[in-house]
Amino acid sequence: MARIFITGSADGLGRHTAATLIEEGHDVVVHARSAERLASVQDLLDRGADGIVGDLAAMDQIRDIAGQVNRVGQMDAVIHNAGVLHGPDIFQVNVAAPYLLTALMQQPRRLIYVSSGMHRGGHAGLAALGTGARKVTYSDSKLYLTALAAAVARLWPDVLSNAVDPGWVPTRMGGAGAPDDLRLGHLTQEWLAASDDPEALTSGGYWYHQHREKPHPAVRDERFQNELLDHLAGVTGERLR
């Protein structure tokens, strides 16, 4: 039985992931950005889940989330599921928040970063983060996140760090007409977080429906990874150790 923290688990893939892992007997820590949102998973709390509240768009609240989780105890796995598709907080929520949580939380055995096939349309550079430059797109943010997962795998050899493309699934973000299989959309995260399957006990992968795929070439570029890590350290005031 594993203890697993899932960001953005009030609805969508995060909620489905949490519900399945609870059903399988794992200790799950769910997260919502507000107390009102946490109330929507009262059924999961009633089944034994711990609840964490905090807005990933606010740096001080990210730090508080890390503190709340650390008080629960060391996690066996963390699934960085939360994300936004539009708006001014794309970089903060999709990239800076998972980075800062990774830096501040007690190091788990496994880290899973929920990416997207759209990362392949991201720009392989950090120009969008500069003053006066074009805005960071969702695709950019998922490219950065996928590179972060690969960088953590390289820097922390004792931790299994992987990125997952859940597919285009019918959630609130994906839309009711999304063509992919909802169950397959959260199966890989659950598998990487808790399975003892030899393939699940590997690191540095980019996964789609339990199969490794090749990510954008920049993901494996150590110079790009290091530039991203340096920028994130500057933005958050924390460096991965």
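Helices (H or I, at least four residues) and strands (E, at least two) are taken here as DSSP runs, numbered from the N terminus, and the expected span of a helix is 1.5 Å times one less than its number of residues. The model is predicted, so that local features need pLDDT of at least 70 and side-chain atom pairs count only at pLDDT 80 or more, while totals for chains, interfaces and linings use all residues. Residues are numbered from 1 along each chain as its sequence is written, and side-chain values use heavy atoms, with hydrogens and water left out.

**Helix 4**

Helix 4, residues 59-72, has 14 residues and reaches 20 Å from its first C-alpha to its last, which is close to the 20 Å expected at 1.5 Å a residue. Within helix 4, Ile62, Ile65, Ala66, Gln68 and Val69 are buried, where buried means under 20% relative accessible area, exposed over 50% and partly exposed in between, with a 1.4 Å probe and protein chains only. Seen down the axis of helix 4, these buried residues fall within an arc of 160°, so they line one face of the helix; the arc is that of the directions from the helix axis to the C-beta atoms. An α-helix has 3.6 residues a turn, so residues three or four places apart point the same way. On the other side of helix 4, Asp60 and Arg71 are exposed.

The buried residues of helix 4 pack against strand 1 (3-6), strand 2 (27-32), strand 3 (50-53) and helix 5 (90-104), contact meaning heavy atoms within 4.5 Å. When neighbours within four places in sequence are left aside, Ile62 is in contact with Asp55, Leu56, Gln92, Ala97, Leu100 and Leu101. Ile62 and Leu104 are 42 residues apart in sequence, yet their C-alpha atoms are 9.4 Å apart in space. Helix 4 is followed by Gly73, whose phi is positive, near 135°.

**The loop between strand 7 and strand 8**

His209 is found in the loop between strand 7 (206-208) and strand 8 (211-212), and Gln210 is found in the loop between strand 7 and strand 8 as well. Each has a positive phi although His209 is not a glycine and Gln210 is a residue other than glycine. Their values are set out below.

| Residue | Phi | Relative accessible area |
|---|---|---|
| His209 | about 50° | 13%, buried |
| Gln210 | near 65° | 25%, partly exposed |
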